There are 2 protein chains.
Amino acid sequence: MRLSADDLKGGYALSCQTVVEGDLEIFVPPQEEITRHLTTEKTAAKVSVPFEYDWRVHQTVAKYFVEIEPPTLADNTDDLARLERELARAYDLRDLDAPLAILRTLARTLRDAEWRVTVVIDRGGARPRIVDILPGDQTLSLYGAAVDIGTTTVTVYLVDLFTGEVVETAADYNGQIKRGEDVISRIVFASKGNGLVELQSLVAQTINKLVERATLRRKCKPHEIYKMTLVGNSTMMHILLGLPPEQIRLTPYITTLNHPPTVLATELNLNIHPEAPVDCLPGVASYMGADITAGVLSSGTHDTDKVTLFLDIGTNGEMVLGTREWLVSCACSAGPAFEGAGVFHGMRATTGAIEEVYINTQTYEPTYRVIGGGKACGLCGSGLISLIAEMFITGVTDKAGNINLTLPTPRVRTGEHGAEYVIAWAAESDTGADIVITKPDVDNLLRAKAAIYAGYVMLAHSVGMTLKDVEQMLIGGSFGQYLNIEKAIEIGLLPDLPWERFHFLGNTAARGAYMALLRRDARDDIAAIAKKMTYLELAADNAFNDQFMAALFLPHTDLTQFESVRKVLQAAE
Amino acid sequence: MRLSADDLKGGYALSCQTVVEGDLEIFVPPQEEITRHLTTEKTAAKVSVPFEYDWRVHQTVAKYFVEIEPPTLADNTDDLARLERELARAYDLRDLDAPLAILRTLARTLRDAEWRVTVVIDRGGARPRIVDILPGDQTLSLYGAAVDIGTTTVTVYLVDLFTGEVVETAADYNGQIKRGEDVISRIVFASKGNGLVELQSLVAQTINKLVERATLRRKCKPHEIYKMTLVGNSTMMHILLGLPPEQIRLTPYITTLNHPPTVLATELNLNIHPEAPVDCLPGVASYMGADITAGVLSSGTHDTDKVTLFLDIGTNGEMVLGTREWLVSCACSAGPAFEGAGVFHGMRATTGAIEEVYINTQTYEPTYRVIGGGKACGLCGSGLISLIAEMFITGVTDKAGNINLTLPTPRVRTGEHGAEYVIAWAAESDTGADIVITKPDVDNLLRAKAAIYAGYVMLAHSVGMTLKDVEQMLIGGSFGQYLNIEKAIEIGLLPDLPWERFHFLGNTAARGAYMALLRRDARDDIAAIAKKMTYLELAADNAFNDQFMAALFLPHTDLTQFESVRKVLQAAE
């Protein structure tokens with residue numbers, strides 16, 4: 001981002017270019033603050049139980065009520081053995097592990113409860129483990145939580161483990177955002193001083209806040225949550241687990257681990273029951289994390305006969321091509337352009353964002369729709385796609401993204417950063433300034449979409465296919481929900497397939513975490529997906545670079561790959 | 001203990017009978033302080049490897065050196081999987097557990113060590129677990145520690161786990177002593193406020209100090225200790241584990257557990273390697289702890305065809321009767337009289353203690369031996385036994401323990417606490433006062449020995465035997481080392497068996513912990529002993545009370561049980 005002459009006059013300076021010479025006060029512009037505190041819970045759509053679920057059969061965490069014979073001089077069996085004896089007799093549970101924290105209160109708990117207790121047991125490990133012992137019969141409720149840690153947004157599903165239903169959802173920005181917008185800046189921050197501990201604490205606090213919010217609404221307590229599954233990209237998983245992530249950004253891009261062990265909530269400072277098992281689901285590589293393996297599960301990519309292309313666009317574009325038989329995947333450093341970052345008037349998809357644009361082919365005057373219906377503040381990802389598609393189709397830009405300054409409209413002009421197109425005049429904008437898209441913005445967006453498209457081609461070629469062979473394309477991530485397919489194809493972000501082949505699935509990562517929370521076999525499926533998936537490392541691949549260069553045009557240098565766009569262009573001529 | 005007129009004149013008062021009316025300064029008499037800081041390491045006799053030992057076969061903790069292929073873009077397997085791949089290939093080790101603390105430094109450790117590391121693995125649990133990862137080849141040494149937590153003394157054996165040898169021993173008073181001399185006072189202290197946490201910390205500090213002392217002498221570091229086994233009575237084990245011990249002293253005397261789970265050193269604040277497995281060995285009941293089950297193992301009581309009586313006299317008298325086929329046990333509240341407590345001039349077996357006494361049958365003049373050879377300060381346990389036996393045989397007391405004040409010697413007299421016998425006149429004593437034994441002292445000692453003897457009888461009767469059927473008697477605990485068999489029989493503390501049937505074994509508890517440290521099957525043997533052992537609860541047993549009353553005489557009301565003593569008495573008449 002560069003500053004305009006107005007900004008400079010207004011006293012603004014780029015902090016990255018500024019030498020600090022004395023004490024200084026930092027303030028964050030109010031728009032950013034408000035944006036960051038706005039929850040995106042509306043994006044967590046209504047979730048239904050995804051498969052047949054019977055907690056007695058499928059659930060690893062369970063509650064058992066026992067009435068224990070009180071001890072006498074004639075039967076002086078110790079407390080723990082008495083409890084174990086009854087659990088074996090009534091429920092055939094044997095060889096239990098019991099954590100010290102539970103044993104330290106066992107004598108008191110049993111006597112206070114007059115030897116009638118509910119035992120919470122985790123059957124997910126090598127041996128069943130006592131998680132909690134509660135007074136009396138408390139077998140009426142059992143909660144778990146599924147969590148998606150996005151680089152930007154954290155989503156928590158509170159789940160009734162008896163019915164399998166998501167009873168509450170809560171989402172908010174990842175508290176780490178204030179230490180860096182993207183994965184790379186988080187890794188850099190984690191590598192310095194106490195950075196890793198701080199980032200771990202920030203994401204744990206975000207999760208804790210969301211858990212508190214969800215349990216408050218449900219009128220239960222965070223301590224009643226006895227199991228948690230989590231997904232996220234490999235950097236998010238490393239930071240949550242307190243594993244240093246620096247090798248993720250250094251050649252040859254190696255994670256400490258892709259299959260994290262199950263840990264206890266207390267080890268990660270998560271405020272659910274401290275002895276609750278916390279399962280960070282397995283990923284594949286540094287840039288192919290559990291968010292994608294879980295997404296493959298919940299999208300069904302791994303379980304279909306159709307050749308399926310699964311895409312999760314966020315800060316990175318991660319994609320998987322496959323069928324029931326095989327899976328190949330890759331990640332493209334698309335950058336955060338589609339999240340509004342690195343674009344002069346870009347912003348997230350919240351109130352005031354232009355989310356759709358039409359340009360009149362004769363007058364080049366735009367019409368646009370603003371989220372919330374008020375005045376425009378900037379452009380979000382879907383707005384940018386829509387805008388670039390319209391600019392291209394109407395000839396405001398050529399296929400290289402150059403803005404045609406010869407057009408007979410004041411909307412095209414040379415600004416601070418070169419050629420630009422004005423979407424909204426200052427009078428109609430909420431910021432009091434013209435809202436524009438500049439040549440550098442277009443270039444950024446072209447690079448992002450080119451990286452993603454090149455990824456599709458690399459995946460298809462790796463299995464001897466072309467994109468025409470894709471029988472369905474499944475799109476995960478909240479971004480997808482607002483995407484206009486036609487326009488995304490026009491700019492070459494999506495491949496040119498019949499529209500009915502595209503399906504938007506919402507938060508596939510969170511849904512995968514939820515499925516793994518419910519059923520052990522679903523969790524095992526994710527591990528199997530991670531194992532089966534071939535990962536293409538594109539970083540050092542010249543073929544990828546060739547494909548990327550070819551895709552840097554609108555929609556592509558090779559128009560035979562975009563037959564539908566060719567027709568539209570022909571019609572426009 | 002009561003105060004003499006001289007003491008009262010000197011300004012002494014009993015603190016338990018005194019109301020504090022203002023600020024006061026407490027000082028501990030120097031003799032007590034010195035005594036407490038004297039280590040009893042000399043009692044930890046030279047220990048030899050007790051059985052055939054091959055660490056490759058018997059040891060649960062082991063070190064493995066691996067050279068790992070560094071990662072490349074073509075082989076981007078994660079760090080943990082690379083390590084596991086190499087451990088599987090070179091050593092057939094699979095399905096490893098790895099604690100978070102190790103994983104958090106894995107990336108750094110592997111790279112700093114240039115992919116050549118030594119992995120410490122604990123194979124003692126359900127799955128092998130990584131305990132530590134060290135740079136380079138560090139397979140030359142491997143240490144463990146065996147610990148006996150006595151109510152009074154803590155003993156640590158530092159063990160070379162490759163050779164199986166005890167390379168250093170260290171012993172000191174249990175730091176909890178300042179919060180109570182015996183088990184009951186510790187339980188009471190633990191039940192109040194922060195008492196349990198304080199006592200846990202005190203014993204952990206004692207162990208840490210001893211570990212430091214032993215490793216310093218060995219020129220290694222506490223962190224190089226990768227395994228610890230511990231024994232102690234059930235109260236000591238509860239406190240170490242942070243389990244509230246109060247139920248141990250309340251009817252029906254129930255422990256939280258008798259078979260503690262293996263925990264990590266860090267959970268108990270033990271300063272060995274934080275991830276080292278710490279195994280508190282199993283006991284049987286509130287008053288039949290791991291010190292005795294381990295003692296049964298190391299004494300071989302569980303593995304002989306001879307009918308064997310195993311005794312460990314400390315504050316409690318715990319005993320086991322059995323053979324290879326069966327084991328019965330009981331505990332008698334003997335009290336600490338044989339440790340010198342509750343006796344007017346009693347003291348521990350340190351410098352200045354009278355440890356042996358002879359009384360002239362004509363003049364009633366005593367001859368005695370003092371530990372260290374200097375002037376006498378008081379009487380230790382073996383001195384007391386010797387003294388009472390002599391007083392009885394020479395007629396200074398009758399069989400009820402009454403001192404005969406009519407004897408023609410100034411050594412018998414009526415003192416502050418009734419009848420007493422003077423062993424040392426003020427001029428020969430280190431304290432400048434007469435050293436005496438009083439009637440209340442004799443009564444205390446008679447009660448202690450009666451409780452122990454009644455225990456023997458109860459055990460024998462429970463299996464339809466008499467004490468004559470005992471083919472060997474094995475005596476553990478440091479006390480036994482200084483015991484004069486003849487005199488112990490004369491007072492009725494030991495049963496009247498041929499002298500060659502008695503064997504003094506030293507610290508059988510520590511030796512059992514050491515055996516369990518070396519071999520997994522020895523540890524399993526202790527668990528099997530605990531399971532097999534029948535425990536007789538004497539607290540509410542009238543038959544025990546009858547036996548106790550009958551044994552309150554010298555040597556016993558029933559002289560047919562003490563044929564050898566009858567002969568001595570006849571000869572003396």
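1. Lys219(A) lies in the loop between helix H7 (195-218) and strand E7 (225-232) of chain A. Helices (H or I, at least four residues) and strands (E, at least two) are DSSP runs, numbered from the N terminus. The phi angle of Lys219(A) is near 60 degrees, a positive value in a residue other than glycine. Most residues other than glycine have a negative phi, and most peptide bonds are trans. Lys219(A) counts as exposed because it has 6 C-beta neighbours inside 10 Å. A residue is called buried if 20 or more other C-beta atoms lie within 10 Å of its own, exposed if 12 or fewer, and partly exposed in between, with C-beta atoms placed from the backbone.

2. The model is predicted: local features need pLDDT of at least 70 and side-chain atom pairs count only at pLDDT 80 or more, whereas totals for chains, interfaces and linings use all residues. Residues are numbered from 1 along each chain as its sequence is written, while chains are lettered from A and ligands numbered from 1 in the order in which they are written.

3. Asn269(B) also deserves a remark on its backbone. Its phi is positive, about 55 degrees, although Asn269(B) is not a glycine. Asn269(B) is found in the loop between strand E8 (263-264) and strand E9 (277-280) of chain B. With 16 other C-beta atoms within 10 Å, Asn269(B) is partly exposed.

4. Two cis peptide bonds should be noted. One joins Thr251(A) and Pro252(A), with omega about 0 degrees; Pro252(A) lies in the loop between helix H8 (234-241) and strand E8 (263-264) of chain A. Another runs from Leu554(B) to Pro555(B), with omega near -15 degrees. Pro555(B) is in the loop between helix H15 (542-550) and helix H16 (563-572) of chain B.

5. The contact between the chains takes 36 residues from chain A and 36 residues from chain B. Two residues are in contact if their C-beta atoms, placed from the backbone, lie within 7 Å. On the side of chain A that touches chain B, the elements giving two or more residues are helix H4 (79-91) and helix H5 (100-112) of chain A. H5(A) gives the most, with 6 residues. That side of chain A divides into 20 nonpolar, 8 polar and 8 charged residues. Here Ala, Val, Leu, Ile, Met, Phe, Trp, Tyr, Cys and Pro count as nonpolar, Asp, Glu, Lys and Arg as charged, and the others, Gly among them, as polar.

6. Helix H5 (residues 100-112) of chain B has 13 residues and reaches 19 Å from its first C-alpha to its last, close to the 18 Å expected at 1.5 Å a residue. The expected span is 1.5 Å times one less than the number of residues. H5(B) bends by about 50 degrees at Leu106(B), the bend being the angle between axes fitted to the seven residues ending there and the seven starting there. Leu103(B), Leu106(B), Ala107(B) and Leu110(B) of this helix are buried. Their cover includes helix H4 (79-91), strand E2 (116-122) and strand E3 (129-135) of chain B.

7. Helix H9 (residues 290-299) of chain B is largely enclosed by the rest of the structure, because 10 of its 10 residues are buried. Among them are Ala290(B), Asp291(B) and Ser299(B). Gly300(B), which follows H9(B), has a positive phi near 80 degrees.

8. Thr60(A) is placed in the loop between helix H3 (55-58) and strand E1 (61-67) of chain A. Thr60(A) counts as buried because it has 23 C-beta neighbours inside 10 Å. The C-alpha atoms of Thr60(A) and Arg519(A) are separated by 7.7 Å, although these residues are 459 residues apart along the chain.
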